[in-house]
Amino acid sequence: DGLEVPTSIDLFNAYFHFPPKHQGLTGSCWAHSGISFIESEVQRKQGKEIKLSVMQIIYWDIYQKCRHFINTRGEYKIRQGSQINGTFKVADEFGLVPESTYNGNQSNEGFDTGPLFKEILAFLDYLKENDIWEIDSGMKSVKTILDKHLGPVPDEFKYEGKTYSPKSFKQKVLKFNTEKYTGIQSTLSFPFYEYTYFPYPDHWWKGDDFYNLPIENFYKSIINTLNAGISVPIGGDTSEPGYNRYAGIAFIPKMDISQENITQDAREYRINNESTGDDHAVHIVAYLEINGIDWFLIKDSSRSAYQSTHPGYYFYRGDYIKLKMLNAIVPKHLIEK
C-alpha cells in the first residue's frame, strides 16, 4: 500500500529481447539470462534477431562439470546452477547454435533436467565409490547420458543456406566477443577495483573473474550500461519480503531498511548473515524514473514470474538492486571507477 510503482511494461522503452520463456523444471536461470543478453547484443550490434539455444549451454556446462568432478577425484559436488558468465565460458569453448537447430528435447510442458541429473549423479557416485578416474572413458559415458536426455549437439548445421559449426556460427554470424564484457560485484570481502573471486557454490570454476566495486560504483555501472542502450544480466537474492510474485515487483520494505540508509555496510551485513544469497539470475531490459526513483524492467525465466498482470517480467525498484543483487555483467568500458 502506498507504493508508486510502474503500472505496465509499456511504460518502459525496452531494449530488444525475445519474449520471456519459462525455464521449466531446471536450475538454468543463469543460462536463460546469459543467452537472453547475447541475443539482445547480437540484435544491437548486428541487427539480427536470432533465437539461441539455452539447452546447448546446459549440455556443455554439465559436461564440463563432470570433467571437473573426475579431474578432482570427486572433490567437486555437481550442482545444476552456474553463473551468468558461465554462458560465456561455454560459448567461447563450444560455440553457440540457434534454438531451431537444437532445443534439447524440450517437451510440450517445457524443460525438465531432473531425470538427467539423477542419472548423471548416480554415474558419478559409481565412479567415486569404485575409485575409477580414467577421464576418457568417464567422459564418453557422460556424453552418452547427455545425448540420451538432451540429444546430441550437432557438429555442423545449416543457417540461411550456409554450413556452420557452433564455433564458426558464433564468430561469423553472431560476432559476439565475450572479452568486451565482465562480471562485477560489490563486497567488503575483497579489495575494490580488482578482479576477485565470487564466493558462492554456483561459481563452480572458482576463478577471479568478478571486478569488485563499491556499492555506488556497482549500481552506477549498471545505470551507465542501460543509458548506453545496453541491457544487463544480473543475479542475486529473490527470497525477500519485498519480492512479491503476485504484484510482480521487488523492493526493500521500510521494516528492513529505508532507501536512504542503504550503504556498503548494510549490503555487507546481509551478505555475511546470509540473508542475501545467490538465488537467481535475470535480465534487465529497461529502466525508468518515477518521481526520482529508479525502476527496472526485469525479464525473468522463473515460474514465479508468471503470476502477475505482467507475466514473465518483474519491476525491481533501485533499492532492491543496490542491496540484494550480488553480481552483474557489463561492458568493461562502462564500469564506474
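The lining of the second largest pocket holds four nonpolar, 11 polar and four charged residues (Ala, Val, Leu, Ile, Met, Phe, Trp, Tyr, Cys and Pro count as nonpolar, Asp, Glu, Lys and Arg as charged, the others, Gly among them, as polar). The model is predicted, local features need pLDDT of at least 70, side-chain atom pairs count only at pLDDT 80 or more, and totals for chains, interfaces and linings use all residues. Residues are numbered from 1 along each chain as its sequence is written, and side-chain values use heavy atoms, without hydrogens and water.

**Exercise 1.** State which residues are closest to the centre of the second largest pocket.

*Solution.* Step 1: about 210 Å³ of space lies in this pocket (on a 1 Å grid over the protein atoms alone, an open set of points where a 1.4 Å probe fits, with protein on both sides within 12 Å along at least five of seven lines; lining residues have an atom within 4 Å of a point). The volume is the space filled by probe spheres set on the points, which are joined across faces, edges and corners. Step 2: of 19 lining residues, Gly27, Cys29, Gly81, Asp202 and Asp279 are the closest to the centre.

**Exercise 2.** Find the relative direction of helix 4 and helix 5.

*Solution.* Step 1: the axes of helix 4 (residues 114-129) and helix 5 (residues 135-150) come within 10 Å and cross at roughly 165° (axes are lines fitted to C-alpha atoms over the stretch in contact, angles run from 0 to 180 degrees between N-to-C directions; helices are DSSP runs of H or I, at least four residues, numbered from the N terminus; contact means heavy atoms within 4.5 Å). Step 2: the two helices are therefore roughly antiparallel (over 145 degrees).

Terms used
Angles under 35 degrees count as roughly parallel, over 145 as roughly antiparallel, 65 to 115 as roughly perpendicular and the rest as oblique.
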